[in-house]
Amino acid sequence: MSAPVLRAEGLCFAAGGVAILHDVSFGIGPGAPSLIIGPNGAGKSVLLRLLHRLLPPGAGQVASTGAQAMLFQKPVLLRRSVAANIAHALSLAGIRDAGRIAEALEEVGLPHLAGRPARLLSGGEQQRVALARALALRPDILFLDEPTASLDPAATRAVEAIVTRAAARGVKIVMTTHDLHQARRLAGEILLLHRGRLIEQGPAASFFSQPQSAEARAFLRGDILE
Amino acid sequence: MSDLGSAFQQGVSLVLSGDAALWAIITLSLTVSLTATLIAACIGLPLGALLAVTRFPGRQWLLVAMNALMGLPPVVAGLVIYILLSRSGPLGSLGLLFTPGAMIIAQAVLITPILAALTRQVLEGLWEEYAEQLRSLGSGPWRAVGTLLWDGRFPLLTVLLAGFGRASAEVGAVMVVGGNIEGFTRVMTTAIALETSKGDLPLALALGMVLMTIVLGVNAAAHWLREASARWAG
């Protein structure tokens, strides 16, 4: 197996006295997307924020290689044009390459919207602009926190297609979802999180055909996990 | 009543005739208030933005002080600046007392806390929305100040208009530090106060009309900007 591009060691996190993650450790290698799945409240979003270093862990550490970017469930675009949103992200990263804006918009199929006010676009278009902004930074690892949770099926398909293309180009996708169908469509590897603990990690094919843990079997059956 | 009516008529004809003394007062008023707003904006906007994005010990006290300064009585501000600029005061050597410069300082001092407090309020909401996204792009609070000032440009323009409106309508401070000297430091508000006390209602009314027109114009501009921002920026 290739060396991990991302490693978490003993991650713990608590907020307001409530423990959200307990001693979570894993390594994620390069290749097909790794999907972190689990019911609402499992700690998926917090874990992703710890991995992208948006939150400091209470204990443990994160090690990663290469540049990384993150996409949130609800895209937060600046009150400026689509192109200016991407230019702003590039300038924060110290990149002065206007060509990347057109390239990123091409990648998400929205070159015709470059001059439009970003916040007046539909939800699906806004998420694709947010994806273009993240991809323009040419990340080695792209974190996606339930990126399609608020989108309709057509917009979800568009986002999934972009993510799949990015993964095929070598961008390591680390994505959370509570949608099992989406996990089946995208995942090369599954990490099942439940009540702040990593229950199971393994190749998607074997996870779906031969889940090892009782929680995984229950989750796949569609039972409500206690 | 007919006296009032004829005073009003005379006021209108004064404005329309392009009376030189009247227009000198109007021009000085606008120059002083616009310059004061510009200076206050250079200090108040970045200060408000910084207070919106930073957390430090004593910040709450600073906010309370700033909010209290929003209600600073203009005559008290005028008095303090008068003492500072008077011959025996620490800034007396500048020779600014009873000049338009002193009036600019007075108005800038009055509206800087207003601009800073309103800017903080506007940008704090924006920062709440943007903070995580900007952090994920590698922007800390300091770099976020520029982003927030630009993205809050429409509401901030209305903040500036509010500051300008307050400055141009202010009378106490400019009276104390400007001295209401005819042809030199007499502005619309001090002239209205003086002419009314002298019983020269036409001139007072003419200036009152101009002042009201400016205030109306400022409010209309603020309203238009709010509408435009919703249309353009979402």
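## Basis of the model

Residues are numbered from 1 along each chain as its sequence is written, while chains are lettered from A and ligands numbered from 1 in the order in which they are written. Because the model is predicted, local features need pLDDT of at least 70 and side-chain atom pairs count only at pLDDT 80 or more, whereas totals for chains, interfaces and linings use all residues.

## Chain B as a whole

Chain B holds 10 helices and zero strands, where helices (H or I, at least four residues) and strands (E, at least two) are DSSP runs numbered from the N terminus. The C-alpha trace of chain B spans about 65 × 50 × 25 Å along its principal axes.

Of the 234 residues of chain B, 39% count as buried, a term for residues with 20 or more other C-beta atoms, placed from the backbone, within 10 Å of their own. Among contacts in chain B between residues at least 6 apart in sequence, 79% join residues at least 24 apart; two residues are in contact if their C-beta atoms, placed from the backbone, lie within 7 Å.

## Two crossing helices in chain B

Helix α2 (residues 20-53) of chain B and helix α7 (residues 153-169) of chain B have axes that come within 9 Å and cross at roughly 135°, the axes being lines fitted to C-alpha atoms over the stretch in contact, with angles from 0 to 180 degrees between N-to-C directions. That angle makes α2(B) oblique to α7(B), since angles under 35 degrees count as roughly parallel, over 145 as roughly antiparallel, 65 to 115 as roughly perpendicular and the rest as oblique.

The residues of α2(B) that meet α7(B) include Ser29(B), Ser33(B) and Leu45(B), and among their partners in α7(B) are Leu156(B), Gly163(B) and Phe164(B). The residues of this contact divide into nine nonpolar, five polar and no charged; Ala, Val, Leu, Ile, Met, Phe, Trp, Tyr, Cys and Pro count as nonpolar, Asp, Glu, Lys and Arg as charged, and the others, Gly among them, as polar.

## A buried helix in chain A

In helix α4 (residues 123-136) of chain A, 12 of the 14 residues are buried, so α4(A) is largely enclosed by the rest of the structure. What covers these buried residues includes β5 (68-71), α3 (99-107) and α5 (153-168) of chain A. Arg138(A), which follows α4(A), has a positive phi, near 50°.

## Where the chains touch

Between the chains, 15 residues of chain A are in contact with 15 residues of chain B. On the side of chain A, the largest share, three residues, comes from helix α2 (residues 82-92) of chain A, and the residues of that side divide into 10 nonpolar, two polar and three charged.
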